[in-house]
Amino acid sequence: MRIVLFGPPGAGKGTQARLLVERRQLRHVSTGIILRRAIREQTPVGQKAKLYMDEGKLVPGRLVRALAEEAISLVGNDHFILDGYPRTLEQAQWLTEYLNRHHVPLHAVVSLQVPEEVIVDRLSKRRVNKKTGENYHLDFSPPPPDVDPALIYRRQDDEPEAIRKRLEVYRRETEPLEAYFRAEGCLYPVRGVGEMDEVYERIEEVLRATEPV
Ligand code: AP5
């Protein structure tokens with residue numbers, strides 16, 4: 001099974017990817033996670049990427065392409081959930097080229113539909129566990145009491161100005177990819193509002209309908 005989880009910042013891609021990893025043993029390939037790791041490790045790519053990410057801008061495509069293709073190849077070009085890539089038309093074309101070259105087309109692009117006011121609430125109340133990378137929401141899934149509060153932080157790009165910028169970049173650069181994937185016949189819009197498990201069940205329905213037998 002090869003799927004892309006698509007949607008605006010804060011749509012719940014990372015949250016749903018974690019559930020898909022647990023329940024379907026798929027591998028999570030997230031360019032955001034890969035880039036944040038590169039920043040922590042202060043690699044040359046990480047140092048460049050940080051300048052863009054902190055402000056909510058896209059990292060230059062050629063840097064991300066190499067990271068994404070390497071990560072897809074490391075999971076054996078199959079059984080993956082791609083999260084955060086592609087984000088531009090150019091990246092979508094690179095991905096199609098890569099998958100065609102390896103004869104592994106996508107089964108589905110699941111596009112999470114979430115209104116902007118919900119997104120802003122989710123991102124401004126998101127907190128992350130430094131050690132495990134787990135996401136929390138201060139109201140809906142707060143950090144458990146046994147987690148050391150020193151491990152909990154707010155992402156730099158979840159500050160109000162960066163959220164505004166990320167949404168603007170999404171509308172301009174990324175949202176048009178829905179038309180690209182619709183034309184490819186693999187776009188499945190899914191409502192991303194509601195309990196996390198409800199959203200998961202809607203995604204499952206798509207996967208059951210599209211997975212190979
Ligand atoms: P990335 O890490 O990919 O961020 P994003 O796409 O902006 O997505 P988020 O991680 O913010 O949100 P999400 O949809 O995963 O939501 P989550 O599950 O956390 O990218 C970060 C940056 O890296 C980019 O801005 C860019 O600079 C760079 N980058 C990455 N890929 C790139 C590329 N291909 N090209 C160029 N640059 C690239 O949920 C959000 C919150 O909501 C959480 O608190 C969660 O607990 C809560 N929540 C989730 N679901 C629900 C629910 N159903 N009900 C209530 N709360 C919920």
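Let's start with Gln91, which is buried, at a relative accessible area of 4%. Here buried means under 20% relative accessible area, with exposed over 50% and partly exposed in between (1.4 Å probe, protein chains only). Keep in mind that this is a predicted model: local features need pLDDT of at least 70, side-chain atom pairs count only at pLDDT 80 or more, and totals for chains, interfaces and linings use all residues. Residues are numbered from 1 along each chain as its sequence is written, and side-chain values use heavy atoms, leaving out hydrogens and water.

You'll find Gln91 in helix H5, residues 89-101. (Helices, H or I with at least four residues, and strands, E with at least two, are DSSP runs numbered from the N terminus.) The Gln91 side chain reaches the backbone nitrogen of Arg87 at 2.9 Å. Not counting residues up to four places away in sequence, Gln91 touches Gly61, Tyr85 and Pro86; contact means heavy atoms within 4.5 Å.

Now step back to the whole protein chain, which has nine helices and eight strands. Of its 213 residues, 47% are buried.

So what sits inside? In soluble globular proteins, nonpolar side chains tend to be buried together. The largest nonpolar core here has 32 residues, and Phe80, Leu82, Leu95, Leu106, Val109 and Phe181 have the most contacts inside it. A nonpolar core is a set of buried Ala, Val, Leu, Ile, Met, Phe, Trp, Tyr and Cys residues joined through side-chain atoms within 4.5 Å. Several elements supply at least two residues each, including strand E1 (2-6), H5 and helix H8 (177-184). The largest share, six residues, comes from H4. There's also a second, separate core of 23 residues, and Met1, Ala17, Ile81 and Tyr200 are among them.

Finally, look at the aromatic rings, where the whole structure holds three aromatic pairs. Phe6 and Phe181 have ring centres 6.4 Å apart and planes at 70 degrees, so this pair is edge-to-face. Rings of Phe, Tyr and Trp (its six-membered ring) pair if their centres lie within 6.5 Å; planes under 30 degrees apart count as stacked, over 60 as edge-to-face and the rest as tilted. This pair links distant parts of the chain, with Phe6 in strand E1 and Phe181 in helix H8, 175 residues apart. Phe6 is buried at 3%, and Phe181 is buried at 2% relative accessibility. Tyr180 and Phe181 also pair edge-to-face, 5.3 Å centre to centre with 85 degrees between the planes. Phe6, Tyr170, Tyr180 and Phe181 form one aromatic cluster.

Definitions and conventions:
Polar contact = N/O pair within 3.5 Å; in protein donor to acceptor, adjacent residues only side chain to side chain.
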